[in-house]
Amino acid sequence: MSRINKNVILALLTLTSSAFLLFQLYYYKHYLSAKNGAGLSKSKGSRIGFDSTQWRAVKKFIMLTSSQNVPVFLIDPLILELINKDFEQLKNTSLGSTSECKFFCVRRDFTTFALRYHLWKNEEGWFRIAENMGFQCLKIESKDPRLDGIDSLSGTEIPLHYICRLANHAIHLVVFHERSGNYLWHGHLRLKGHMDRKFVPFRKLRFGRYPGAFDRPELQQITVDGLEVFIPKDPVHFLEEIPHSRFIECRYKEARAFFQQYLDDNTVEAMAFRKNAKELLQLAAKTLKKLGVRFWLSSGTCLGWYRQCNIIPYSKDVDLGIFIQDYKSDIISAFQDVGLPLKHKFGKVEDSLELSFQGKDDIKLDIFFFYEETDHMWNGGTQAKTGKKFKYLFPKFTLCWTEFVDMKIHVPCETIEYIEANYGKTWKIPVKTWDWKRSPPNVQPNGIWPISEWDEVIQLY
Amino acid sequence: MDDWKPSSLIKPFGARKKRSWYLTWKYKLTNQRALRRFCQTGAVLFLLVTVIVNIKLILDTRRAISEANGDAEPEQDYDEALGRLEPSRRRGSGPRRVLDVEVYSSRSKVYVAVDGTTVLEDEAREQGRGIHVIVLNQATGHVMAKRVFDTYSPHEDEAMVLFLNMVAPGRVLICTVKDEGSFHLKDTAKALLRSLGSQAGPALGWRDTWAFVGRKGGPVLGEKHSKSPALSSWGDPVLLKTDVPLSSAEEAECHWADTELNRRRRRFCSKVEGYGSVCSCKDPTPIEFSPDPLPDNKVLNVPVAVIAGNRPNYLYRMLRSLLSAQGVSPQMITVFIDGYYEEPMDVVALFGLRGIQHTPISIKNARVSQHYKASLTATFNLFPEAKFAVVLEEDLDIAVDFFSFLSQSIHLLEEDDSLYCISAWNDQGYEHTAEDPALLYRVETMPGLGWVLRKSLYKEELEPKWPTPEKLWDWDMWMRMPEQRRGRECIIPDVSRSYHFGIVGLNMNGYFHEAYFKKHKFNTVPGVQLRNVDSLKKEAYEVEIHRLLSEAEVLDHSKNPCEDSFLPDTEGHTYVAFIRMEKDDDFTTWTQLAKCLHIWDLDVRGNHRGLWRLFRKKNHFLVVGVPASPYSVKKPPSITPIFLEPPPKEEGAPGAAEQT
């Protein structure tokens, strides 16, 4: 009997459990569809054609922007990719011949456009007209990062993002601002206290999770699904930039605090060094960009950026890092062509490669090549006299854009880890005597080059 | 459960199937152990699934919430520390509809408190004499204007009348006297005070104290007065305490059409007073000007930096003239305000422009200098594409053809390395010494007051070595130093395209302004076509000067150059005079000549290699310093250069010059 009872209880438990489960499944489904906006599940069934809500929202938006002279261009990754696939065909099919809505009618939650802010003349009236046309708009503003580098300025806020909803489709307008260094910048989409967090599924936005930096694209006008839009002339390049566009601002506030503690060196020599180092860095950046080689600020130059947003005047050289898989054999000749002769070359492509070029006025350009292991990165060092090898270990990092001496340039996103690996926890304190073989906390002896290889791995000029 | 093996027959699928299994099981209660165990396992599994689904649901809900919270990245957050302080404005619709106002008047101190908050307090010695006026918004109680009129001194009462007339009807007016406010309080002003309902104001006597609260055009809300008993003493301090009933917001506002512009106007007019017809309900002054665009405007994309302090009325006047100039592009204008002043920011917002405030970091001249540096750096940061920036100050009127002038001349800055700047101001361009709006000069001095700065000059030379705050230097004096200027010159027009109207400034006072700025010529003709712009380039200009000197008639050097008759009564001639100038820096005679011509004589301005160019009696008048100037070769041998001796130490009368 007791056994039966036990079984009955078990069975009852199972029954209630299944009922509960069913209820939960039902609730979960309901919840999901509510989150994605009521309309999306509906439009699933509707005919994908020119009457789709996406297309209509985009059309209205384009009407609005062209009538109000809002300088926008399409940056929606999904649509740009589609356009790119069909690019030739799009170019050939001239105006009007739009038999089928192929691009703007593709199902999605957002269509993303960029706004070239510096060309925009009628900022005020626009919003109101958009709302009169039936858009519900959200504006996200922030302070202007371009004023951050300057002592104690505070300005009117600048718009960073507009999100305009029409029926169940939303237009995400990313505001691109011009920055020193010939690039475009967009801000982080951060909702403020009073904003409606359910306005659109913010999570699905393709832009705004982080601030971003892009090369200023040339534009072209094309007709897509009967709508005239501007898109980047080189959509492939633009699409490639998107996943790597994350931008980090220099820490100007901390840099100012640093200079309050350790006065800035404004002697003639220091200013001359900064000027020359800046020119060298700009030249190197231009050369590497032309070769298509990714690089980032490393060692002292990176520390200078992170700690004081400037070149450290006593650092004597400019340091760059390059991933070894990006190595190209014509780097040396390219630098030589722009007047930077090779000073020394240590190591080889397979191991501990390091190049040094001679800039003018005794400034050296050091390029360290980084090797990737499963759980860390490293670059090598070689002592010319003894043939000793060293290894500098870094935690793994990715690359972000930043602005430094009027340039858009890469730095490790995980900067603090990178710098602490290289300079220890006391990186905030300026140190003028630095022994590259002993001072860094991340240096390890790495054996010695066999004498037979010295000719190859230790080249001094 | 490890030992359990499923029988091939048993395949649980759904609840229904399970149910039938249960029934089967119920009837076959016998020793089907395996089956029972299977059911038990099934139930446990089922429970497990439920738990998992539950957990998933919880996780999902949490993710959705965190995503809705804007998913801020922690390391990106450090700059958000400047929390968003929501303005905690008093609502007019609150329960409290009455303001409690205290006004104090005495010899050495005045103060005004509104609801316990001191909005005016002045007990500084030797300052703030006269009638202090405060205007409150009748709906909110906010201070809209604060002025002091030193009616002990002449003409200040006129300013007060002007101001009080501008105040919109219904506003709450508060007046209080510090020290003395009656000596130059004339009848017009007294009549106005009477019309406000004041009893004591019109009868204000020598060293009386007086406190007044009233509504403009409405009832007096309180007044106290104390007569001075004797010439040598003051009236007793008076303290007026009164209640001011607030009216509704609708009553306090005009009914302008609901446009974007009027929205700006309404915001402005509810905050500040004293800007005249811009806030009048009927037919307000426009705040958008849409001047004609310039054909082929070369400066359309040149940023304009307006350097401002806390002189909002000046800024208002300045921006009006700037926005009325042909070819202006408002989105290129940035106003840099030195300090956290609200009212200048309100003026900027009224015109829909960009305003940036600058926290003061230094004192006096050095502060201005640091403000300039921050402003220029910010300008080039905000407009990274710009090659130039136009630099203006808040106390300038801008000529209608200011941008046309720059558009026609800016290419010189690009093409001629020997240029330092283009300036709209001619230091020597007075009513009686400037004539030709189409004429340009090259000068070795930097006039400022509306000028164009080249980005490369700023970024590569000036910014890195800009004087640090402890140097206490004037930025313009520093820019004029040979180390910075390095022999380069500025382009200026004969007739200035800016007009310096400021009389209250750091280096300004009424007398100084009267003497040196008031009579300055200012171009009012639109669309002037500049003549021979390319002849302003380095080499071409020398050719031009030689041509001019060759055709110039040499004046009679035996006459007194200070006398009007020094130049014949002709028109359109070119004359030359030679003065003594021993070395490049010997300006003895020039300074005396400048003094007697009533032009700028405080330092040397407007020279080009020992040559000055100006107009007298509608004739072009050249002055060459001999022998320092290379143009001395043009001097006929028979002519002895004029020498004017500086007066002895005490100020000599102008024109008392001696001739050799």
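To start us off, in which strand of chain B does B:Pro627 lie?

Modeller: Happy to! B:Pro627 belongs to strand 24 (residues 619-627) of chain B, and a cis peptide bond with omega of about 5° links B:Val626 to B:Pro627. This is a predicted model, where local features need pLDDT of at least 70 and side-chain atom pairs pLDDT 80 or more, while totals for chains, interfaces and linings use all residues. Residues count from 1 along each chain as written, chains are lettered from A and ligands numbered from 1 in written order, and side-chain values use heavy atoms, leaving out hydrogens and water.

Strands here are DSSP runs of E, at least two residues, and helices are runs of H or I, at least four, numbered from the N terminus.

Now for the backbone with positive phi. B:Glu126, not a glycine, has a phi of about 55° and sits in the loop between strand 3 (117-122) and strand 4 (130-136) of chain B. B:Leu449 is in the loop between strand 16 and strand 17 of chain B, yet is buried (under 20%), at 11%.

Strand 16 (440-443) of chain B is an edge strand, together with strand 4 (153-155) of chain A, in an open sheet of 9 strands with mixed pairing. Two strands pair if DSSP finds at least two bridges between them. Strand 4 of chain A runs antiparallel to strand 12 (residues 354-358) of chain B over 3 bridges, with A:Leu153 opposite B:His358.

Definitions and conventions: Buried means under 20% relative accessible area, exposed over 50%, partly exposed in between (1.4 Å probe, protein chains only).
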